[in-house]
Amino acid sequence: MRDFDIVGLGEPLLEFNQTRPGQPEFLQGFGGDTSNAIIAAARQGARCAYLTRVGADAFGEQLMQLWRAENVDTAGVVVDAQAHTGLYFVQHGADGHVFSYMRRGSAASRMQPEDLSHGVIERATFLHVSGISLAISASACDTVFAAMQRARAAGTQVCLDSNLRLRLWPVDRARATLREAMRLADIFLPSMDDMRHLTGHTDPDGTLEWIRASGAAGVIVLKLGKEGAILDDGTARLRVAGLTVNAVDATGAGDCFAGNLLARRARGDDWPAAVRYANAAAALSTQGFGAVQPLPTASQVEAFLRAR
């Protein structure tokens with residue numbers, strides 16, 4: 001028995017989410033893809049920890065309070081007195097949501113491989129990382145790869161979410177880096193939107209073939225947004241249909257999917273059951289504003305599935 005089911009590593013952010021399109025009214029919340037995923041998993045009862053740097057400022061303290069309130073262990077969080085905590089704004093319009101970030105030089109971008117010496121990764125069943133953390137700085141990228149290597153040496157399974165953000169790096173660099181990272185991952189969670197940019201494919205089967213040809217040997221779950229997901233375990237593919245809900249904000253839905261998937265795997269679900277559960281949780285998370293506040297509890301997901 002390990003101390004943690006899931007440990008996440010990445011960039012946490014303060015979030016300001018527009019509640020009425022076109023109006024200067026923003027709801028303060030929290031974001032950061034791997035942090036969202038870890039909180040989603042913790043709300044399902046998983047034993048979770050988070051690894052990052054935050055600034056020695058009010059926003060950093062708010063994030064620390066959030067994780068503690070959500071029962072996420074913070075022993076691996078470094079408070080950096082030389083940098084600020086990052087933040088972002090979400091605006092909504094006819095074409096969907098638009099993100100504006102203030103993250104350059106943030107504490108999280110100053111992560112170092114030496115920050116991992118506490119041994120939290122070696123005490124977890126799963127390590128969850130993402131493409132965003134690979135992109136925000138050279139030292140953060142080095143830290144993610146060091147974390148993946150530590151996990152593999154300790155028998156901790158590595159989960160990688162593609163989370164491609166082309167404003168952070170050129171597509172050629174992103175493609176090369178993510179190819180190397182997916183070779184080290186036991187679980188790869190790409191989105192179809194991300195893969196269109198990396199592969200040139202617009203169909204799921206072609207995309208999955210490209211991922212396999214690029215060296216991914218583990219389980220792949222291709223996220224299709226409101227269309228659901230496809231599970232590829234290396235021997236067969238299973239399509240899980242999307243679920244119709246009254247969606248108002250899809251911010252963090254993919255992170256919710258990742259956290260719930262790992263939580264259910266840690267609980268013992270087989271892959272099809274875990275994907276169906278994560279798919280339902282992600283759908284529920286789109287019914288409220290913000291990345292964290294709408295993340296569902298286990299009882300909410302179970303009730304939703306029973307009603308279906």
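A crossing of two helices is called left-handed if the near helix is turned anticlockwise from the far one by less than a right angle, and right-handed if clockwise. Keep that in mind as we walk through this predicted model, in which local features need pLDDT of at least 70, side-chain atom pairs count only at pLDDT 80 or more, and totals for chains, interfaces and linings use all residues. Residues are numbered from 1 along each chain as its sequence is written, and side-chain values use heavy atoms, with hydrogens and water left out.

Helices here are DSSP runs (H or I, at least four residues), as are strands (E, at least two), numbered from the N terminus. Two packed helices are described by the angle between their axes and the distance between the axes. Axes are lines fitted to C-alpha atoms, for helices over the stretch in contact, and angles run from 0 to 180 degrees between N-to-C directions. Helix 8 (residues 253–267) and helix 9 have axes that come within 8 Å and cross at roughly 145°, and this crossing is right-handed. Contact (heavy atoms within 4.5 Å) involves residues including F257 and L261 of helix 8 and W271 and Y277 of helix 9.

Now look at another pair. The axes of helix 6 (residues 192–199) and helix 7 (residues 204–213) come within 10 Å, crossing at roughly 65°, and here the crossing is left-handed. M192, M195, L198 and T199 of helix 6 meet P204, T207, W210 and I211 of helix 7.

Next comes helix 4 (residues 138–154). Its 17 residues reach 24 Å from first C-alpha to last, close to the 24 Å expected at 1.5 Å a residue; the expected span is 1.5 Å times one less than the number of residues. Several residues of helix 4 are buried, among them C141, V144, F145 and M148. Buried means under 20% relative accessible area, exposed over 50%, and partly exposed in between (1.4 Å probe, protein chains only). The buried residues of helix 4 pack against elements including strand 1 (4–9), helix 3 (131–135) and helix 5 (171–184). Just after helix 4, G155 takes a positive phi of about 80°.

Finally, find Q293 in the loop between helix 9 (271–285) and helix 10 (298–307). Is Q293 buried or exposed? Q293 is exposed, because its relative accessible area is 58%. Q293 and G29 are 264 residues apart in sequence and 7.4 Å apart in space, C-alpha to C-alpha.
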